[in-house]
Amino acid sequence: MDAGNAHRQVLSRLRKLLAEGQTIRTAASDVNLSPTSAYRLAVRHSLPRRTRAEKAAAVETAQGLIRAARLSNGEIARRLNLHEGTISRLRQLIVDRDSQAEFRPRRVRKARRCPTCGHKVKVWPCVMCRALGRTA
Ligand SMILES: [Zn+2]
């Protein structure tokens with residue numbers, strides 16, 4: 001088989017996989033290419049790719065599934081055709097955002113003595129207690 005023929009075969013297989021809605025990354029590993037090479041081929045030959053909006057919709061659905069907390073990262077990745085690393089990054093973002101939401105310190109005009117740690121603090125819930133790992 002000559003090189004041109006092999007190239008055409010890889011290209012047509014890649015086109016088919018992408019048309020089925022596979023990600024560049026998974027399609028690339030199916031045809032034994034690096035994701036970068038597959039991406040370049042896809043751009044050069046304008047192969048069908050997921051639009052930005054389609055990917056954004058998949059990410060939004062993933063966030064919902066992560067919040068529902070019934071599926072593993074791998075399961076969500078397979079269902080939505082996203083990379084497992086993407087899901088794990090989204091999960092971390094959600095965890096970070098939620099932990100910030102529950103601690104919302106407010107600055108008060110006059111310092112008050114904290115009943116737990118005894119420090120005079122202007123930011124409540126008591127920032128000293130939080131720094132010391134206690135709860136006020
Ligand atoms: Zn305190």
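1. What pattern does the protein chain follow, read along the sequence? The answer is α-α-α-α-α-α-β-β-α, with seven helices and two strands in the protein chain. Helices here are DSSP runs of H or I with at least four residues, strands are runs of E with at least two, and both are numbered from the N terminus.

2. Keep in mind that this is a predicted model: local features need pLDDT of at least 70, side-chain atom pairs count only at pLDDT 80 or more, and totals for chains, interfaces and linings use all residues. Residue numbers start from 1 along each chain as its sequence is written.

3. On confidence, the mean pLDDT (the predictor's confidence in each residue, from 0 to 100) is 85 for the protein chain, and 94% of the residues score at least 70. Helix α3 (residues 35–44) comes out highest at 92, helix α6 (residues 84–102) lowest at a mean of 82.

4. Now the overall form. The C-alpha atoms of the protein chain fill a box of roughly 80 × 25 × 25 Å along the principal axes.

5. Finally, contacts. Two residues touch if their C-beta atoms, placed from the backbone, lie within 7 Å. Leaving out residues up to four places away in sequence, Leu-41 touches Leu-11, Leu-14 and Leu-47. Among contacts in the protein chain between residues at least 6 apart in sequence, 27% join residues at least 24 apart.
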